[in-house]
Amino acid sequence: MTPPDRICASCGRAFAWRRKWARDWDQVRYCSDACRRHGVDATDQALEAAILDLLGGRRGATICPSEAARAVGGEDWRPLMEPARRAARRLVAAGDLEITQGGRVVDPSTAKGPIRLRLA
């Protein structure tokens with residue numbers, strides 16, 4: 001029997017048990033070497049805070065991840081789009097928000113295309 005899936009501490013995506021992790025599955029936190037190298041830095045934490053601040057001011061409405069990227073990055077916000085989506089996935093894993101497409105809650109690990117964020 002394989003252990004249940006985990007959520008990556010860096011990108012927020014679900015990942016499954018692998019045989020090479022059998023001895024140290026309890027210590028595995030990242031889905032890949034890239035996520036382990038990247039980790040969660042100050043920009044990622046600022047994006048998480050911006051998402052929660054923006055949603056707190058909206059009273060039940062949704063936001064686009066680009067709004068958080070603009071709040072943190074200013075005029076140079078486009079490179080922060082994927083980090084904003086990563087921050088949103090981490091907040092979903094923490095139970096703080098939901099990711100929607102077309103008004104329906106979607107799995108953050110498999111969502112592709114435009115997404116909206118709302119408080120859980």
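Analyst: In this predicted model, strand 3, residues 97-101, runs antiparallel to strand 5 and is joined to strand 5 by 4 bridges. Within this part, Thr100 lies opposite Arg116 of strand 5. Helix 4, made of residues 81-93, packs on the sheet and touches both strand 3 and strand 5. The direction of helix 4 makes about 120° with that of strand 3.

The sheet as a whole is open and has 3 strands, in the order 4-3-5, with antiparallel pairing. Strand 4 (104-105) and strand 5 (116-119) are the edge strands, each pairing on one side only.

Strand 3, strand 5 and helix 4 also take part in covering the buried residues of helix 2, as do helix 1 (33-38) and helix 3 (65-73). Helix 2 itself covers residues 42-56, 15 residues in total, and spans 21 Å from its first C-alpha to its last, close to the 21 Å expected at 1.5 Å a residue. Its buried residues are Asp44, Leu47, Glu48, Ala50, Ile51 and Leu55. These lie on the same side of helix 2 because they cover an arc of only 160° around the axis. The general rule is that an α-helix has 3.6 residues a turn, so residues three or four places apart point the same way. On the other side of helix 2, Ala42 and Asp53 are exposed. At the start of helix 2, Asp41 places a side-chain oxygen within 3.2 Å of the backbone nitrogen of Thr43.

Technical notes. Residues numbered from 1 in each chain as written. Predicted model: local features only at pLDDT ≥ 70, side-chain atom pairs only at ≥ 80, totals over all residues. Heavy atoms only, no water. Pairing = 2+ DSSP bridges. Helix = DSSP H or I, 4+ residues; strand = E, 2+ residues; numbered from the N terminus. Contact = heavy atoms within 4.5 Å. Axes fitted to C-alpha atoms, helices over the stretch in contact; angles between N-to-C directions. Expected span 1.5 Å × (residues − 1). Buried < 20%, exposed > 50% of the residue type's maximum accessible area, 1.4 Å probe, protein only. Arc of directions from axis to C-beta. Polar contact = N/O pair within 3.5 Å; in protein donor to acceptor, adjacent residues only side chain to side chain.
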